Structures are given as structure tokens and as C-alpha cells.
Amino acid sequence: MAYRFWCGECGFKTPWLAESEGAQRQLAHYAKQHPGIPAGGHVETSRKNPQGGLGCLQVTGILVLLLIIAAACQR
């Protein structure tokens, strides 16, 4: 799972990260930008991998493209 934390005071949001890293970045944002205010806002969740990586559809597209290039080079 990946998480994105939103600030409750301004438009700041973290990138999609692991839950602990996202929470740490939100706390660091509050300490720097909103000192004395308890961290608030909301959290979005996604089933994607926080480390990124290619999805199945992207890998399939790359393989098809490579097959087309290989077929064109043999002519």
C-alpha cells in the first residue's frame, strides 16, 4: 500500500510513500511550516507499491514494442 498525507492547514501533500515515511514527512512539514499546531489533515491510500516499479500493463506494452522493433529489423 502507498499513502499520501495532506496538510490540514495548507495545500501541502506528501508524494505516495510508505505509511511511516509519509507520516514523518507530514510531521516535519508541520514542525517547519505550522509550529505549535498539532498535525492534522487527511490520508489517501492506494494499492500501488510505494517504491514505484512498472505495472503489468506497462511491462506488456514495452514487450510488444520490442517485438515490433525486432520484427521490423529482420526485414
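## Surface and burial

Accessible areas here come from the Shrake-Rupley method with a 1.4 Å probe, and for residues only the protein chains shown count as cover. By that method the protein exposes about 5,600 Å², and carbon and sulfur atoms supply 60% of this area. The model is a predicted one, in which local features need pLDDT of at least 70 and side-chain atom pairs count only at pLDDT 80 or more, while totals for chains, interfaces and linings use all residues. Residues are numbered from 1 along each chain as its sequence is written, and side-chain values use heavy atoms, with hydrogens and water left out.

A residue is called buried under 20% relative accessible area, exposed over 50%, and partly exposed in between (1.4 Å probe, protein chains only). Of the 75 residues of the protein, 17% count as buried.

## Order of the elements

The protein has 2 helices and 2 strands. Both kinds of element are DSSP runs numbered from the N terminus: helices are H or I runs of at least four residues, and strands are E runs of at least two. Read from the N terminus, the order is β-α-β-α. Strand S1 covers residues 2-6 and strand S2 covers residues 42-46. Helix H1 spans residues 19-33, and helix H2 spans residues 56-73.

A contact means heavy atoms within 4.5 Å. Among contacts in the protein with a separation of 6 or more, 46% are between residues 24 or more positions apart. Met-1, in the segment before S1, gives an example of distance in sequence set against distance in space: Met-1 and Arg-47 are 46 residues apart in sequence, with their C-alpha atoms 4.5 Å apart. Met-1 counts as partly exposed, at 46% relative accessibility.

## Salt bridges

A salt bridge is a side-chain nitrogen of Lys or Arg within 4 Å of a carboxyl oxygen of Asp or Glu. The structure holds 2 of them. One joins Glu-44 and Arg-4, whose closest N and O atoms are 2.9 Å apart.

Arg-25 is partly exposed at 37% relative accessibility, and Glu-21 is partly exposed at 32%.

Is Arg-4 buried or exposed? Arg-4 is buried, because its relative accessible area is 16% and the limit for buried is under 20%. Leaving aside neighbours within four places in sequence, Arg-4 is in contact with Lys-13, Thr-14, Pro-15, Trp-16, His-42, Val-43 and Glu-44.

Glu-44 counts as partly exposed, with 25% relative accessibility. With neighbours within four places in sequence again left out, Glu-44 is in contact with Ala-2, Tyr-3, Arg-4, Trp-6 and Trp-16. The side chains of Glu-44 and Trp-6 are also joined by a polar contact of 2.6 Å. Such a contact is a pair of N or O atoms within 3.5 Å; within protein, one must be able to donate a hydrogen and the other to accept it, and residues adjacent in sequence count only if both atoms are side-chain atoms. Glu-44 and Lys-13 are 31 residues apart in sequence, and their C-alpha atoms are 10.0 Å apart.

## A nonpolar patch

Val-59, Ile-62, Leu-63, Leu-65, Leu-66 and Ile-69 make a nonpolar surface patch of about 520 Å². Patches are made of residues with over 30% relative accessible area and no salt bridge; like charges are joined within 9 Å, and nonpolar side chains (Val, Leu, Ile, Met, Phe, Trp, Tyr) within 5 Å. Ile-62 is placed in helix H2 and is partly exposed, with a relative accessible area of 41%.

## Cysteines

A disulfide is a covalent bond between the sulfur atoms of two cysteines. The search counts a pair of cysteine sulfur atoms within 2.5 Å, and over the whole structure finds 0 disulfides. Cys-10 is in no disulfide, and the nearest cysteine sulfur, that of Cys-7, is 3.7 Å away. Cys-10 is partly exposed at 36% relative accessibility, whereas Cys-73 is exposed, with a relative accessible area of 63%.
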